[in-house]
Amino acid sequence: MENQNYANPYPNSQPKKERKPLGFGLTMLASAVGVLIAGLILSAISFVISIIMTVVLLSSIGNDQSITVKDGSYVHIDLRKPVQEAAPSALENLFSNNETNGADVILKSIRDAKEDSRIKGLYVTVGGTSGLNWGLTEELRNAIKDFAEKKDVVFYGETYSQPEYYLATASQHIFLHPDGMIDFRGIGSQVMYYKDLFDKLGVKVDLIRPASCAYKSAGETYTMNHMSEANREQIHVYINSIWKHVSSQIAEARHLPLDTINYYADNLIASLGKDAYKNAMVDSLLFEHDVLQYTKNSLERKHTISAEKYAQAAPAEKHGGKKVAVIYAYGNVQAGENPGFGSGIYTKPLVKALDEAAVDDNVCAIVLRVNSPGGAATTSQSITDAVRRAKTHKPVVVSMSDYAASAGYEMSCLADCIVAQPTTITGSIGVFGTIPEIGGMLKNKLGITFDTASTNKNSTGLSLTAPLSPAARNMMQRNVEDFYVTFVSTVADGRKLKYEYVDNIAKGRVWTGTDAQKLGLVDKIGGIYDAIETAASLAGVENYYAVRFPAKKDLMTQLMQLSGNSNKEYDEYNFSLRQRFSAILWAKQAMKNKSHHFATFEEQFLSDMESLTAEPTLQARIPYYIIAQ
């Protein structure tokens, strides 16, 4: 090849000397030094971040900046955030992706604001995302209706779910976005069934329930592909009971005939913004900016304060006299300890709270606030027994919210008084068991087979990979029959009714609060403040105040307990920076793994599959939640 001469672009530069490659040892040493330096840099960065996070956390603990409530203020209740029974813990607030309203905070804000001369009214915003169901909606609506007798209440939303619209009808002013919607179509209940899927997969489920419990339909979701007649009957009765109450209240509030309200729902002619205004379901179609201008110019709103801040700044309650301890129990009933976030009725902390309140000399009575569709049967018995013990010391009153069914009703039935909403779902006195068999699926779909060796005939009688043996099934059937007898007897004892009568209205059947009162399963219709008043009256105490029991733990205490650093003699400055940072990271991951709400059918499906195989065998729960849309 012919040599080619190229001009040197850097004439003053010296030709580079050829370098010999480093030996293996030197290469490894250089790499190790590089990794060490990088590790030191990352450690330094992490250390700085941990300091920043800890400083931020510590600065938030005990940071009680005074909040000023100005004259002419409106309390803003933002129901575009999901609502749960009680305000979330500090840990939930720190790591949750979504802010959550505590119904207890909202109710207190409304109650205090009514008598506060600085407050002119309420401004409530909705968006179809509150997740409200009918029992809690009824409670909030009654509070708003009471407030509206004295001061103005303004509702605004781009979208209203049916419970949100029902809530809004307690106010004097309902505004809707010009292109907004009201989801107004009556109440429907859909139950998801898995039998056909299981048939395709080769999974079989054995449903075991008392012979008389035809209405106990929870296990049918795994063994049928449609509603049983008994289940269809009970659902039809209770959703019609709820709708009859809701629609009549809406008709009265909007000054419309009841037939007209049902005509709107049947034909979907009051859902779109223009139709809703034309048919007198809303007062005007406005953008939020214009609504705020209206409240400022026409209703004399000068300032706005959030319900959360107002609850902190409201006039201090007079804390003379005795305490009425309010203990919250919401979610599915399950064994063990509460991890500190998410809903769930955990046996140990709830039993402990009842036992401690029972012997607290400063507590005159106990209100147990229940919002639960049920759960583990034997676990609920421990809570029921704790209620029995507490009653020997002082009055116990139950306040029912959306649900107090099955295990949720069992823990309620021994109370001295039961207070429920007309739309509460309760009863479902019964039990069932489900035993899945997945051997066929494992063999046909995955090629996995099993062989056994055993000492006795039924050593593998309850295996998930083979059908139940006749003896095992007979044992399980006796188990559910015995539990049902115990459940009915407990209700009969607590409600002072004959066993035969309770058995006749039980059978796993669900009732609304209205029907349950007629049947003697509930004493009064009302909300949590009615229950508190009743509890104090039963205790013979006139000078009292309600407190959440036990008091909520501060953030750092929760973090340390989650990370295994709990200390009875807790002092926030006793823990090292490393411990605090470790606790923060641990809790953040735990929160990430914790599911709070089912946003999709897929999430509900996965939850159902988990409950089928992971929960205790005996269950006392209802199989569905009403879709309150």
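Predicted model: local features only at pLDDT ≥ 70, side-chain atom pairs only at ≥ 80, totals over all residues.
Figure 1. Residues are numbered from 1 along each chain as its sequence is written, and side-chain values use heavy atoms, with hydrogens and water left out. Helix α14 passes helix α17 in a left-handed crossing (the near helix is turned anticlockwise from the far one by less than a right angle; clockwise would be right-handed). The helices span residues 377-391 (α14) and 470-495 (α17), and their axes come within 12 Å and cross at roughly 25°. Helices are DSSP runs of H or I with at least four residues, strands are runs of E with at least two, and both are numbered from the N terminus. Axes are lines fitted to C-alpha atoms, for helices over the stretch in contact, with angles from 0 to 180 degrees between N-to-C directions. Helices α14 and α17 are therefore roughly parallel to each other (angles under 35 degrees; over 145 is roughly antiparallel, 65 to 115 roughly perpendicular and the rest oblique). On the α14 side, the contact is made by Ala 377, Thr 378, Gln 381, Thr 384 and Arg 388, and on the α17 side by Phe 483, Thr 486, Thr 490 and Asp 493 (contact means heavy atoms within 4.5 Å). By class, the contact of α14 with α17 has two nonpolar, five polar and two charged residues. Ala, Val, Leu, Ile, Met, Phe, Trp, Tyr, Cys and Pro count as nonpolar, Asp, Glu, Lys and Arg as charged, and the others, Gly among them, as polar.

**Figure 2. Packing of helix α3 with helix α4.** Two packed helices are described by the angle between their axes and the distance between the axes. For helix α3 (residues 103-115) and α4, the angle is about 15° and the axes are 9 Å apart. The two helices, α3 and α4, are therefore roughly parallel to each other, and their crossing is left-handed. Ala 103, Ile 106, Leu 107, Ile 110, Ala 113 and Lys 114 of α3 meet Leu 136, Glu 139, Leu 140, Ala 143, Ile 144, Asp 146 and Phe 147 of α4. The contact of α3 with α4 comprises 10 nonpolar, no polar and three charged residues.

Figure 3. The axes of helix α4 (residues 134-148) and α8 come within 12 Å and cross at roughly 25°. That angle makes α4 roughly parallel to α8, and α4 passes α8 in a left-handed crossing. In α4, Trp 134, Glu 138, Arg 141 and Lys 145 meet Ile 242, His 245, Val 246, Gln 249 and Ala 253 in α8. This contact of α4 with α8 divides into four nonpolar, two polar and three charged residues. Helix α8 (residues 229-254) also contains Arg 232, which counts as partly exposed at 42% relative accessibility. Buried means under 20% relative accessible area, exposed over 50%, and partly exposed in between, computed with a 1.4 Å probe on protein chains only. Arg 232 and Ser 217 are 15 residues apart along the chain, and their C-alpha atoms are separated by 9.8 Å.

**Figure 4. Ser 161 and its contacts.** Ser 161 lies in the loop between β5 (152-160) and α5 (162-168). With 11% relative accessibility, Ser 161 counts as buried. Residues up to four places away in sequence are not counted, and Ser 161 touches Gly 128 and Asp 183.

Figure 5. Glu 300 has a positive phi of about 65° although it is not a glycine. Glu 300 sits in the loop between α11 (288-297) and β9 (303-306) and is partly exposed, with a relative accessible area of 49%. Lys 496, also a residue other than glycine, has a positive phi near 55°. Lys 496 belongs to the loop between α17 and α18 (499-505) and counts as exposed at 70% relative accessibility. The peptide bond from Phe 549 to Pro 550 is cis, with omega near -10°. Pro 550 is placed in the loop between β21 (544-548) and α21 (555-562).

**Figure 6. Cysteines and the chain as a whole.** Cys 213 is buried, with a relative accessible area of 0%, and Cys 413 is buried, with a relative accessible area of 0%. The structure holds zero disulfides (pairs of cysteine sulfur atoms within 2.5 Å). The chain has 23 helices and 22 strands, and 48% of its 629 residues count as buried. Among contacts in the chain with a separation of 6 or more, 76% join residues 24 or more positions apart.
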